[in-house]
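Take a look at the model below. The report that follows covers aromatic contacts, a helix and its ends, and charges over rings.

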Amino acid sequence: MATSAPSASSGFWAASSSLTPALAPVAGVWLLSVAGWNASFEVIAALALVLAAAVAALGRHLPRVVSGRRSGGYAHLLRDAVFLRYAVSHAFTLGALLVIVFAAPTVFVAALGAGLKDFIVMQLTGIATFIVAANVTGRLTARFGAERMIWFGTALSALGGLAMLGYALAGGANTLVVTALFVPFNFGLGFRGPPGFHRAVVASHGDDARGAALVVVAILGTTAAGTAAVAPFITLGLLPLAAVAAALVLGALLLLALIPALPES
């Protein structure tokens with residue numbers, strides 16, 4: 001099995017799963033301004049019904065779910081250090097970015113004296129840089145290999161996390177600087193996201209459905225835990241947010257360093 005470059009499907013999934021929660025807050029701010037706080041819930045409910053109807057009507061055209069027959073269910077993947085290397089490092093990298101996205105509106109408005117327009121500028125800048133990185137990652141992975149791209153992207157995100165933490169410790173409060181420091185997170189995720197997710201699926205050794213499901217659970221759990229850690233201190237400024245984000249991306253780097261990688265062929 002060739003594992004040096006991500007497949008088109010897993011790369012697309014990794015990119016879309018990262019881009020969707022990045023775009024959602026911008027749409028949420030717009031809905032809040034034009035239709036009130038309850039509009040987001042109504043839109044989500046309507047979209048969920050449409051999606052359920054589409055799955056029911058077109059389900060026979062969906063690809064067959066690949067799930068291994070190994071005993072132990074999810075447990076054998078949770079005991080597999082190499083799988084966890086990819087799944088959790090991916091979740092930590094994406095989770096760090098999402099914690100910033102979810103907390104930034106309150107931090108900008110309540111602590112930094114900025115407005116929601118400043119958050120929108122930060123988010124659109126991040127989305128643009130992520131798209132640029134994700135669009136060239138396939139070619140770069142084919143040239144340099146998946147492991148190098150995973151390391152490079154994770155290190156770039158860690159650099160952004162440390163820079164943002166340093167700026168917060170120095171008492172920085174300029175939202176344009178925060179926006180600039182947010183860029184490495186997005187570049188880093190764009191570079192490592194597609195190959196990282198693909199390698200997690202490969203590391204599941206044929207149990208693709210459970211492997212992909214655990215990656216999603218890890219992303220959601222990391223984001224929820226990180227957001228909950230920041231929430232009690234969210235009005236105190238940039239420091240709590242930067243500290244949690246930096247801890248997550250450094251944790252991702254540590255996982256890559258401590259656990260052996262899959263061999264590339």
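Is Phe-182 buried or exposed, at 1% relative accessibility? The model is predicted. Phe-182 counts as buried, because its 1% falls under the 20% limit.

The whole structure holds three aromatic pairs. One of them joins Phe-182 and Phe-185. The pair is tilted, with centres 6.2 Å apart and 35° between the planes. Both residues lie in helix H7, which spans residues 175-203. They are three residues apart, about one turn of the helix. Phe-185 is also at 1% relative accessibility and therefore counts as buried.

Phe-187 and Phe-191 form a stacked pair. Phe-187 has 25% relative accessibility, so it counts as partly exposed. Phe-191 has 11%, so it counts as buried. Ring pairs link Phe-152, Phe-187 and Phe-191 into a cluster.

## Helix H4 and its ends

H4 covers residues 81-111. Asp-80 caps its N-terminal end. A side-chain oxygen of Asp-80 lies 3.0 Å from the backbone nitrogen of Val-82.

The helix bends by about 45° at Ala-103. A proline, Pro-105, follows within four residues. After H4 comes Gly-113, with a positive phi near 70°.

## Charges over rings

Arg-85 lies over the face of Tyr-86, 5.0 Å from the ring centre. Arg-210 places its charged end over the ring of Tyr-74, 5.7 Å from the centre.

Conventions
Residues are numbered from 1 along each chain as its sequence is written. This is a predicted model: local features need pLDDT of at least 70, side-chain atom pairs count only at pLDDT 80 or more; totals for chains, interfaces and linings use all residues. Side-chain values use heavy atoms; hydrogens and water are left out. The bend at a residue is the angle between axes fitted to the seven residues ending there and the seven starting there. Helices (H or I, at least four residues) and strands (E, at least two) are DSSP runs, numbered from the N terminus. A polar contact is a pair of N or O atoms within 3.5 Å; within protein, one must be able to donate a hydrogen and the other to accept it, and residues adjacent in sequence count only if both atoms are side-chain atoms. Rings of Phe, Tyr and Trp (its six-membered ring) pair if their centres lie within 6.5 Å; planes under 30 degrees apart count as stacked, over 60 as edge-to-face and the rest as tilted. Buried means under 20% relative accessible area, exposed over 50%, partly exposed in between (1.4 Å probe, protein chains only). A charge sits over a ring if NZ of Lys or CZ of Arg is within 6 Å of the ring centre and within 35 degrees of the ring normal.
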